Amino acid sequence: MPKPEPRPRICDYEGSNYRTEFWEGRGRDYEDRVERIAVRRLLRGGGRRLLEVGAGFGRLSDEFAAFDQVVLLDYSFSQMQYAQEYHGRSSHFVYVAADAYHLPFKAGVFDAATMIRVIHHMANVQKVLDQVGRVLITDGVFILEHANKRHLKAMARYALGKQSWNPHSHEPVEFVELNFDFHPQYISEALQGAGFRVERRVPVSFFRVNALKRSVNTQVLASMDGLLQTTGALVSPSIFLRARRVELGPTQLTTASIFACPQCGGDLLQQGDEMVCTADLNRYAIRDGIYDFKSPIGD
Ligand SMILES: C[S@@+](CC[C@H](N)C(=O)[O-])C[C@H]1O[C@@H](n2cnc3c(N)ncnc32)[C@H](O)[C@@H]1O
């Protein structure tokens, strides 16, 4: 009997009021402003439908007004309730509680996606990027933010022997449970593996220092950050990037991605020695190197 792949651990925000506990009145206006500058810099124009993966309470959703529809998705049902309170009910916003590792969408239904302040909670980066790649159309735009392990403070601390992990090595560092910093090269390679081409990377949040934020006017600090974003010096704590879903020719498709569910036609994902349908959840065994689609496991 093939062993099912263990489910990736999830950083569960259920019940937390992320909006009031982290953002509102918490001295993070600077971060909010510089992130909006980066998003506007990377995402020009609109389209039919944008997916926000890990949207939280929809802090940034108003930035995507040029899209006909914005689909907010979060693992936490309560974040979706807060988002609904914040942005209201309308056909422009769709709220979905679901796991980003198992996106409940057909392939190629979004022309853009964002994932901001989310991937640092992901223990399986490749798996979640594969999912985003699957639901985007060819040429679809993906705006991704990730926490950067190779930032100035980490490099200085490492050089002075005050930090054990090496900010220059490519593997992720989990500094608190389910909180990861990533090397920019690691993220680029994972994106490439998921069928993306990275077009532009922008370093963000250079002045994330409480003393500075308290003493310098927020607008001035954000404008200075906006200028530094254009340098491309990837030494800030946060990196925003724009990647594009490339068209995969038949020779570039992975073996797992050529199959469709024989029962419902849905997409199949390989999990260990099984192919699992993302639509009807039927599972098919891979036994001794043979894909067995004659009947689902358990039938
Ligand atoms: C730090 S918040 C960021 C929210 C929003 N993107 C922002 O920038 O304000 C991270 C969000 O990711 C969500 N999240 C974490 N793991 C997830 C998963 N596996 N699937 C969907 N959402 C997830 C959490 O519920 C949380 O709302």
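Me: Helices (H or I, at least four residues) and strands (E, at least two) are DSSP runs, numbered from the N terminus. Where is Leu-178 placed in these terms?

Reply: Leu-178 lies in the loop between β6 (173-176) and β7 (179-181). The model is predicted: local features need pLDDT of at least 70, side-chain atom pairs count only at pLDDT 80 or more, and totals for chains, interfaces and linings use all residues. Residue numbers start from 1 along each chain as its sequence is written.

Me: Why is Leu-178 called partly exposed?

Reply: A residue is buried with 20 or more other C-beta atoms, placed from the backbone, within 10 Å of its own, exposed with 12 or fewer, and partly exposed in between. Leu-178 has 14 such neighbours inside 10 Å, and therefore counts as partly exposed.

Me: What does Leu-178 touch beyond residues up to four places away in sequence?

Reply: Contact requires C-beta atoms, placed from the backbone, within 7 Å. Leu-178 touches Arg-9, Cys-11, His-121 and Ala-123. Cys-11 is 167 residues from Leu-178 along the chain, yet their C-alpha atoms are separated by 6.2 Å.

Me: How do you know that the buried residues of α6 line one face of the helix?

Reply: In α6 (residues 184-193), the buried residues are Ile-187, Ala-190 and Leu-191. Seen down the helix axis, they fall within an arc of 100° (taken over the directions from the axis to the C-beta atoms), so they line one face. Their cover includes α4 (125-135), β5, β8 and β9. After α6 comes Gly-195, which has a positive phi, near 90°.

Me: What makes β3 and β8 edge strands?

Reply: Strands pair if DSSP finds at least two bridges between them. The open sheet has seven strands in the order β3-β2-β1-β4-β5-β9-β8, with mixed pairing. Both β3 (93-97) and β8 (196-204) pair on one side only, which makes them the edges.

Me: How do you know that β2 and β3 pair?

Reply: Five bridges join β2 (residues 67-74) to β3, and the two strands run parallel. As at least two bridges are required, the five between β2 and β3 meet the definition. Within this pairing, Val-71 has Val-94 of β3 as its bridge partner.

Me: Which residues come nearest to the ligand?

Reply: Here a residue is near if its C-beta atom, placed from the backbone, lies within 6 Å. Of the 20 residues around the ligand, Tyr-13, Gly-54, Gly-56, Tyr-75 and Ala-100 come nearest.

How values were computed: Two residues are in contact if their C-beta atoms, placed from the backbone, lie within 7 Å.
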